[in-house]
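Let's take a friendly walk through a protein model, one side chain at a time. Have a look at the structure below, and then read on.

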Amino acid sequence: MGVTIYEPPSRSPEEPRRERAVERSGALLIRNDPQLQALVAEASAVLHTSMAAVSIVYRDWQYLIAAEGMPTGPYSRRASLCGHAILATDTDEDVFCIPDAWRDPRFADNPMLAGTQLLRFYAGAPLVDDDGLTLGMLCVIDSTPRDPLRPAERRRLSELARLAVKRLEQLRPA
């Protein structure tokens, strides 16, 4: 049996620019917005998952500013699947999908998965601002492994992520 060591998400060379975009967006100040809550509830319902969230990735943390099936608040970026996802998506059409996190070697020994049955399936669509920078992800999560998302499901998750970005823009401080 081989030894596996979890590699936390790396940082893009564009990270300082992306972090400034998160600061400008005002997203870290948002809590309990009913429209964002409705979007995550819809994502969870449409994709038949037990959890969904709007996750903003900033510095060493991911902030769940709206969530269904899990608490909002800060979580360590080190164990974050969204931290990996923001590096893997280049456009707002991309969806990062992990059908079974336990079987994916990138997430072997991830502390978020250790001893829990809560996280097996993950899919996230990027929250891309007007400058093409990814602020975070609209993600859906389930406790059971699943097949990869079908094209129509990927499109719907991307559409919901674009609606979340529009709502973030409406809430941005003047």
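**Charged side chains and rings**

At a relative accessibility of 6%, Arg-18 counts as buried (buried means under 20% relative accessible area, exposed over 50%, and partly exposed in between, using a 1.4 Å probe and protein chains only). Before we go further, note that this is a predicted model, where local features need pLDDT of at least 70, side-chain atom pairs count only at pLDDT 80 or more, and totals for chains, interfaces and linings use all residues. Residues are numbered from 1 along each chain as its sequence is written, and side-chain values use heavy atoms, leaving out hydrogens and water.

Where does Arg-18 lie? Arg-18 is part of helix H1, residues 15-25 (helices, H or I with at least four residues, and strands, E with at least two, are DSSP runs numbered from the N terminus). Not counting residues up to four places away in sequence, Arg-18 touches Val-57, Tyr-58, Arg-77, Ile-86, Leu-133, Thr-134 and Leu-135 (contact means heavy atoms within 4.5 Å). Arg-18 also belongs to a network of salt bridges that links it with Glu-15 and Arg-77.

How many salt bridges does the structure hold? There are 12 (a salt bridge is a side-chain nitrogen of Lys or Arg within 4 Å of a carboxyl oxygen of Asp or Glu). In one of them, Arg-156 meets Glu-42, at 2.2 Å from N to O. This pair links distant parts of the chain, with Arg-156 in helix H4 (residues 151-171) and Glu-42 in helix H2 (residues 34-46), 114 residues apart. Arg-156 is partly exposed, with a relative accessible area of 24%, and Glu-42 is partly exposed as well, at 30%.

Another salt bridge joins Arg-120 to Asp-100, whose closest N and O atoms are 2.8 Å apart. Are these two residues buried or exposed? Both Arg-120 and Asp-100 are buried.

Now for the rings. The structure holds 1 aromatic pair: Phe-96 and Tyr-122 sit edge-to-face, 6.1 Å centre to centre and with 70 degrees between the planes (rings of Phe, Tyr and Trp, its six-membered ring, pair if their centres lie within 6.5 Å; planes under 30 degrees apart count as stacked, over 60 as edge-to-face and the rest as tilted). Phe-96 lies in strand S4 and Tyr-122 in strand S5, so the pair ties together parts that are 26 residues apart in sequence. Both Phe-96 and Tyr-122 are buried.
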